[in-house]
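Hi,

Here's the structure I said I'd pass along.

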Amino acid sequence: MRAAIYVRVSTGRQALQDLSIPDQIAQCEAYCGKRNWEVAATYIDAGASATNDNRTEFQAMIAEACSRAKPFDVVIVHSQSRFARNTLDLLHYTKKLEKTEVQFVSITQDIGSGDQADVLRTILGAMDEYQSKETSKHVSRSMCENARQGFWNGAQPPFGYRTYVAEKRGKKEKKKLEINPVEAEIVRRIFTLYVHGEGKRGPMGLKAIANLLNTEGVQARKGGKFLLQYVHKVLTNEAYITRHFFNRRDSKTGKIKPENEWIFAGNSTNY
């Protein structure tokens, strides 16, 4: 038997700080070793939610399983929740594997095979999906409260700002925003160019500003160039006038939420 191991954690932070991925791999390899199964491939999605199937390595594994070459006979996971936390996706992809005669095995949930196993898999999948939704609600509530108290929730701060540790509560560091002096000068210049221009040139458009900054060698974060959309993002970001809101958009759909659900998370210093 040739096995493909699939492992996953939900966030990039978990991937960097957690031991979950190495542990999942080690346990799956040990499981294969006891059965003299060859580990033909290992697929790792570090920082990918299983509430949907938009996962690079997951899709690569499914494609390989369904290919003519079919380089493995069984897909091994630590638990079903690593494979999917959406019941429909779980059933869809396990059936897809079944049609190509590739087995699906969760090493911590031995439910066997056949009709009874299908029922148990569906029940476990529904439980995983429910738990995922409950966890999401609790995390969202905690983040909203964190924003109400004036703390930053961990996303990348707007260009021109950086985070600092304002206080510690146990092992948790509570962060707030402060102006990044180097980036702040670039932000101010972008606004000046847009409103007044420079020298004999009048007010400049987004493309002209981006071209000028790139010509002068001014760099965005991580040494990147100033693209037109980047300049637009700076000019339209209300964080610079202390009007930053948390919970403004639905994290899954990207749609704007009703204004009464927005949480004001302004910074004490503006531009």
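A quick definition before the sheet: two strands count as paired if DSSP finds at least two bridges between them. Keep in mind that this is a predicted model.

The sheet is open and has four strands in the order S2-S1-S3-S4, paired in parallel. Strand S2 (38-46) and strand S4 (103-106) sit at the edges, each pairing on one side only. Ignoring direction, neighbouring strands are turned by 20° against each other on average. Strand S3 (residues 74-77) runs parallel to S4 and is joined to it by four bridges; in one of the pairs, Val74 has Gln103 in S4 as its bridge partner. Helix H2 (residues 20-34) packs on this sheet and touches strand S1 (2-9), S2, S3 and S4, with its direction at about 160° to that of S1.

On to the nonpolar cores. The largest has 20 residues, and Phe159, Ile190, Ile209, Phe226, Val231, Val234 and Tyr240 have the most contacts inside it. Helix H7 (181-195), helix H8 (206-215) and helix H9 (228-236) each supply at least two of its residues.

Last, the cysteines. Searching the whole structure gives zero disulfides. For Cys28, the nearest cysteine sulfur is that of Cys32, 6.8 Å away. Cys28 counts as buried because its relative accessible area is 0%, under the 20% cut-off.

Cheers

Notes
Residues numbered from 1 in each chain as written. Predicted model: local features only at pLDDT ≥ 70, side-chain atom pairs only at ≥ 80, totals over all residues. Heavy atoms only, no water. Disulfide = S-S within 2.5 Å. Buried < 20%, exposed > 50% of the residue type's maximum accessible area, 1.4 Å probe, protein only. Core = buried A, V, L, I, M, F, W, Y, C linked by side-chain atoms within 4.5 Å. Axes fitted to C-alpha atoms, helices over the stretch in contact; angles between N-to-C directions. Contact = heavy atoms within 4.5 Å.
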